[in-house]
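Take a walk through the model below.

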Amino acid sequence: MELADEILIAGIKRDDYTSYNQLFVRYYPRLCAFVFQIVKNESASEDVVQEFFIRLWINRQKLEVRESISGYLYRSSKNAALNYLRAETARKKSIQNIPFQEWQSNENAIEQIEFSAALYECIGQLPERSREVFKMSRFDGLRQQEIADAMGTSVKTIKNQIWKSLQYLKACLEVKEAF
Amino acid sequence: MESKSLKNDQEKYRMIWTRAESARLFGKFDTKKAWEKVDSKLESQHIRVRRLWNLGYAASGVAATLLIFLSLTFYTNLFSTSASTISMSTAYGSRSEVVLPDGSVVKLNAGSSLDYHFDKLTNTRKVDFKGEGFFEVAKSKQAFIIHTSEGLNVKVLGTTFNLSAYPDDGSVSTSLVEGKVELSIDGSEGLFLNPGQMASYDKQSKKLEYASGEVSHQLGWTQDKLYMDNMPLSEVCTRLERWYDVDITLGDQILGRKIHYTGVLQEQSVVDVLDALCQLSSVKYELKGRYITIYGE
């Protein structure tokens, strides 16, 4: 059963490590994807988010969340990402004199991440073959003819499969109230 | 804010189509691996704090038990923390005492090793163990479970006991001083020990049974004593090899099973022990460095 974010935070404040683990599993990929938009580097994004989570546990007693939990997590990791960027730019500046560019915050960034996260989960629920075809088309940018060749089938079948996947994804996202 | 409910199907499909590529990013972040990293970092921080405390404890001279071990040469691998495990081992010829992060104290006899780790998700204290140890397990709601390489599991319910599980011995024995322990072999029914009781697990027959004997004698090593209850010479030799890191050969193999000893030995050096054995029975010995040969007279 999925516990609400608020219950997990309350658990963390009571030193409950399982709650901490659940919150981590729930938010880690989205926060990474979000931070990635700012720092533009996958492994740096992971480091920033991991360090954020470590601090969250260490400072759990002092944790005060006045807004929504997800809002808090996104805002805090954004700050962590900006701090990282500043430190990184300062480091590079001394060598190359690159001006620091403030990250332009995008109002819809969080909403887009949440949507992509839900979409990724739904893609994971597709039947294996449909998922492969969908990934080839959307992730790898292959043309339908190329996919048909790779899967040893006709373009018509591929078209059909992608259309079915889209219908499934739409239904799945509606259930998740992602739209 | 985009108003969620106003989208028609067409817009929804377009959204899926155009955003799918950004969803790809999620596949690149391995949550499980990341969790392991975070978990072990938190764990090592936890241990670092405790370890400093332990050092302070030892330095203040409260750890008088250490004195007991001074007569033996001290060689101990200090704590090494790999990931979330805390490890400790003693070589032959040395003994040591370790205070685990949960407050439990383990005296390690020569040639023993211990890996401790706290599984926070199942809330269990887990120990992989080889050799001989005297455990004083701190009382806690969290289960304390010891696994020996022979597959014997000792589930501890806040207690004091001795566990002898040397890989080259024929059996694993457990002697309970205080509290309660549950012994089990993977998949079999448990055996409970009460204070004063002993159990032995025979590696060949794979049988776990209550054993007879005096519990206090099993703890002799913690006071540098070797209690022998009709103990064959061969076993005495095995003990001495571990304790003093020497290599003992019997001039005649039959000797090892023929001669039995009863009594207590508490000697400073291996030479003193050998002299004592010579007085107790008709044997003599030859010593070359750490190599000892025992002959019948």
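Which residues form one aromatic cluster? The members are Tyr17(A), Tyr20(A), Phe24(A), Tyr28(A), Phe52(A), Phe53(A), Trp57(A) and Trp35(B).

Some ground rules come next. This is a predicted model, in which local features need pLDDT of at least 70, side-chain atom pairs count only at pLDDT 80 or more, and totals for chains, interfaces and linings use all residues. Residues are numbered from 1 along each chain as its sequence is written, chains are lettered from A and ligands numbered from 1 in the order in which they are written, and side-chain values use heavy atoms, without hydrogens and water.

Now the rings. Rings of Phe, Tyr and Trp (its six-membered ring) pair if their centres lie within 6.5 Å; planes under 30 degrees apart count as stacked, over 60 as edge-to-face and the rest as tilted. By this rule there are 16 aromatic pairs over all chains. Take Tyr17(A) and Trp57(A): their ring centres are 5.1 Å apart and their planes stand at 80°, so the pair is edge-to-face. Tyr17(A) lies in helix H2 (residues 17-39) of chain A and Trp57(A) in helix H3 (residues 42-58) of chain A, so the pair ties together parts 40 residues apart in sequence. Helices (H or I, at least four residues) and strands (E, at least two) are DSSP runs, numbered from the N terminus.

Tyr17(A) has 5% relative accessibility, so it counts as buried. Trp57(A), at 10%, counts as buried too.

A second pair is Phe24(A) and Tyr28(A). Their centres are 4.9 Å apart and their planes at 20°, so this pair is stacked. The two residues are 4 apart in helix H2 of chain A, which means about one helical turn separates them. Phe24(A) is buried at 0% relative accessibility, and Tyr28(A) is buried at 0% as well.

The charged end of Arg60(A) sits over its ring, 3.9 Å from the centre. That label requires NZ of Lys or CZ of Arg within 6 Å of the ring centre and within 35 degrees of the ring normal. In chain B, Arg242(B) lies over the face of Tyr166(B), 3.5 Å from the ring centre.

Turn to H3(A). Its buried residues include Phe52(A), Phe53(A) and Trp57(A). At its start, a side-chain oxygen of Asn41(A) comes within 3.0 Å of the backbone nitrogen of Ser43(A).

Step back to chain A. It has 8 helices and 0 strands. Buried residues make up 45% of its 179 residues.

Finish in chain B. Glu132(B) lies in strand S6 (residues 124-136). At 5% relative accessibility, Glu132(B) counts as buried. Which side chains make polar contacts with the side chain of Glu132(B)? Asn162(B) does, at 3.0 Å. Trp221(B) does too, at 3.2 Å. A polar contact is a pair of N or O atoms within 3.5 Å; within protein, one must be able to donate a hydrogen and the other to accept it, and residues adjacent in sequence count only if both atoms are side-chain atoms.

Note on methods: Buried means under 20% relative accessible area, exposed over 50%, partly exposed in between (1.4 Å probe, protein chains only).
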